[in-house]
Amino acid sequence: MMSEKVNDTIALFISKLSETTGYKYLKSRSSLKKTTGQIVFEVLFFSSKWNDDNNIKINADFRVSYKKYGAASTAYSVVASKNFENNKEYWYDISNESKFDEILQYFETELQTTAVDLSDRFDKDFKAACQYLLEEKFKEYNVFFDFLVDVLGEEKVMYRINEFIEQLSESDKQQIADYKKGAKDKTWMLNRSNMRFVADKGYL
């Protein structure tokens, strides 16, 4: 059970980011959320189980969901995602005032160039934003092929599909062969994934 100080510190951190991003703060989910038409943008915050009053650490994921596929932030609906990885270690330390301010500034900048930028693009032009994900942010945002093909058509996305296939290892190709024979022992075989898309569509 997190202490009141830990919970209050994390809540303050997220609420301050809500002010600078314009995203709505959902306290129950420890997240920031914005909906633009059929697209839901959510920044989900996680805290370390080792947190105590003197040691408060967090991290966050940015998820883009397509409501056409199901409820937001589920395995069915997430079409792109990004983890805010710390170069040195997984967690960001907000234990004291100076660390809190430093990490807050980092996330303010990071969210402006990721979540806020992308939701603004979708606000202006849905198709152009998808094109941007395809051309500029495909790897960084782990974008799924089925979504891009759904919106932009196969022809526009094909070069990325071919790139993906060319980069598959022998082990990946063997997994795809096993999957086609009925294997279900890897996570990618059960959930939305570009490996599964390539296999199901018979590209390989």
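**Notebook: helix H3 and a few side chains**

I started with H3 and H5, and their crossing is left-handed (the near helix is turned anticlockwise from the far one by less than a right angle; clockwise would be right-handed). Helices here are DSSP runs of H or I with at least four residues, strands are runs of E with at least two, and both are numbered from the N terminus.

Before going on, I noted that this is a predicted model, where local features need pLDDT of at least 70, side-chain atom pairs count only at pLDDT 80 or more, and totals for chains, interfaces and linings use all residues. Residues are numbered from 1 along each chain as its sequence is written, and side-chain values use heavy atoms, with hydrogens and water left out.

**H3 against H5**

I looked up the geometry next. H3 covers residues 126-135 and H5 residues 154-166; their axes come within 10 Å and cross at roughly 20°. Axes are lines fitted to C-alpha atoms, for helices over the stretch in contact, and angles run from 0 to 180 degrees between N-to-C directions. H3 and H5 are therefore roughly parallel (under 35 degrees; over 145 is roughly antiparallel, 65 to 115 roughly perpendicular, the rest oblique).

Which residues meet where H3 and H5 touch? From H3 I found Gln131, Leu134 and Glu135, and from H5 Lys156, Val157, Tyr159 and Arg160. Contact means heavy atoms within 4.5 Å. By class, I get three nonpolar, one polar and three charged residues in this contact.

I then checked which residues of H3 are buried: Ala129, Cys130, Tyr132, Leu133 and Leu134. Buried means under 20% relative accessible area, exposed over 50%, partly exposed in between, with a 1.4 Å probe and protein chains only. The cover over these buried residues includes H2 (97-124), H4 (145-152) and H5.

At the start of H3, I saw a side-chain oxygen of Asp125 reach to within 3.2 Å of the backbone nitrogen of Lys127. I count a polar contact as a pair of N or O atoms within 3.5 Å; within protein, one must be able to donate a hydrogen and the other to accept it, and residues adjacent in sequence count only if both atoms are side-chain atoms.

**Two positive phi angles**

Ser30 is not a glycine, yet I read a positive phi of about 50° for it. Ser30 sits in the loop between strand S1 (24-26) and strand S2 (31-36), and its 25% relative accessibility makes it partly exposed.

Asn142, again not a glycine, has a positive phi of about 45°. I located Asn142 in the loop between H3 and H4, partly exposed at 43%.

**Two asparagines**

A polar atom of the Asn59 side chain lies 2.7 Å from the backbone oxygen of Tyr90. Leaving out residues up to four places away in sequence, I listed what Asn59 touches, including Leu44, Phe46, Asn83 and Trp91.

Asn194 belongs to H8 (residues 194-200), and I found it buried at 11%. The Asn194 side chain reaches the backbone oxygen of Val143 at 3.1 Å. Apart from neighbours within four places in sequence, Asn194 contacts Phe138, Val143, Phe144, Phe145 and Phe164.

**Thr20**

Last, I went to Thr20 in H1 (residues 4-21), which is partly exposed at 35%. A polar atom of the Thr20 side chain is 3.2 Å from the backbone oxygen of Leu17. Beyond its neighbours within four places, Thr20 contacts Glu108 and Gln112.

Technical notes:
Nonpolar A, V, L, I, M, F, W, Y, C, P; charged D, E, K, R; others polar.
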